Amino acid sequence: AVADGYLRRIPKAELHCHLAGTLRATTVAELAARAGLALPRPADKLYQWPDFYGFLDVLRLTALVLRTPEDFSRAVYEYVEDAVRDGNLRHVEFFFNPDYFYPNGIDYPAMVDGMIEGIEAAKKMFGVSSLLICCIDRSTNTPAQAVEIVETAIAHRRDHVVGIGLDGAERAGPPATFAEAYALAKRAGLHRTAHCCEDNQTLVEAPPTNYLICRDVLQCDRIDHGYNMLASDFVMAEARRDGLYFTPCAWTSLVHNRPHRPQRIRRMVEAGLNVTINTDDPAMFETDLGHGFTTLFESIGWGPDMARKFSLNSVEGSWLDESDKSALR
Ligand code: HPA
Ligand code: ZN
């Protein structure tokens, strides 16, 4: 076994973290009051849902509190502050879904520039670097809307926005649906990741072969989650040979239906995949970077060598350029 303190202190990069899922309940309450936005429950009771689909509804609702560039700056800064304290965060790559925020009356460049302001302030205060991933919700966007999202990211290009992602309910939007948006991103030199084979979906809704589609059709250079791939030895062997990095998340408050999550991560590691450990939506899932590591290590019984391996993997799997990676190694 390895001490909690060690697991919290080891430096980490986080590659799978949705900005809208990081908001402190106190910040949500304050911003909602200021915006005159009525929440259906008090903010400290907001993060409750019956199932994954209910969770996605709350995520979209929470996103409605971010209205100004200052709100976006604050959200980024506060997450970095929390994750430095809770898990010695050194680098983070945030997903943001621009269309979650358009109803708030903010446009793409204003939200991105707000986040960049927060990134720069957090870099100055904590020495932590951050990048941004423009994300497409597959459950609410048509293929044509996905293309528009990528076109917007290209039209308002910012150095910090280094790639695109695909989240939401996998059964609603199989990966091949978004081939055109991903081809466009690739031509523009953007990195590509996608949520794939998530265990809140059945093997019919998110089959292991989704990995092959993400690899070959979307040409992803990283994969979020991946647990359902374990059902296919063939797909696992391919993934091992491909060497892409995976971003499973150690803890979810949906964990009541997912007690097998730590064992699935263990099997992904033992199958030889390049695995990193992430929080996904830490505030909403009542977890943090250190907590994810401690619960996982407690459950599996890994030693400090594995903690160092995950720490290094998170740097190697990041979308930092080579010189920034070597500064973190
Ligand atoms: N899966 C799907 N959609 C999401 C997630 C996730 O892990 N987090 C935020 N939106
Ligand atoms: Zn996610």
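1. Which helix does Tyr79 lie in? In this predicted model, Tyr79 is part of helix α4, which covers residues 69-87. Tyr79 counts as buried because 30 C-beta neighbours sit inside 10 Å, and the cut-off for buried is 20 or more.

2. On the nonpolar core: the largest one has 94 residues. The members that touch the most other members are Val76, Val80, Phe94, Met115, Leu132, Cys134 and Ile164. Phe94, one of these, has contacts with Cys17, Leu19, Val76, Ser130, Leu132 and Ile133, leaving aside residues up to four places away in sequence.

3. On the ligand: the shell around ligand 1 consists of His18, Gly21, Leu59, Asp167, Gly168, His195, Glu198, Asp280 and Asp281. Sorted by class, one of these residues is nonpolar, four are polar and four are charged.

4. On Asn274: this residue belongs to strand β8, residues 274-275. Asn274 is classed as partly exposed because 19 other C-beta atoms lie within 10 Å, whereas buried would need 20 or more. Its contacts, not counting residues up to four places away in sequence, are Gly243, Leu244, Tyr245, Phe246, Asn313 and Gly317. Asp71 is 203 residues from Asn274 along the chain, and their C-alpha atoms are separated by 35 Å.

Terms used:
Residues numbered from 1 in each chain as written. Chains lettered and ligands numbered in written order. Predicted model: local features only at pLDDT ≥ 70, side-chain atom pairs only at ≥ 80, totals over all residues. Helix = DSSP H or I, 4+ residues; strand = E, 2+ residues; numbered from the N terminus. Buried ≥ 20, exposed ≤ 12 C-beta atoms within 10 Å, placed from the backbone. Near = placed C-beta within 6 Å. Nonpolar A, V, L, I, M, F, W, Y, C, P; charged D, E, K, R; others polar. Core = buried A, V, L, I, M, F, W, Y, C linked by C-beta atoms within 7 Å. Contact = placed C-beta atoms within 7 Å.
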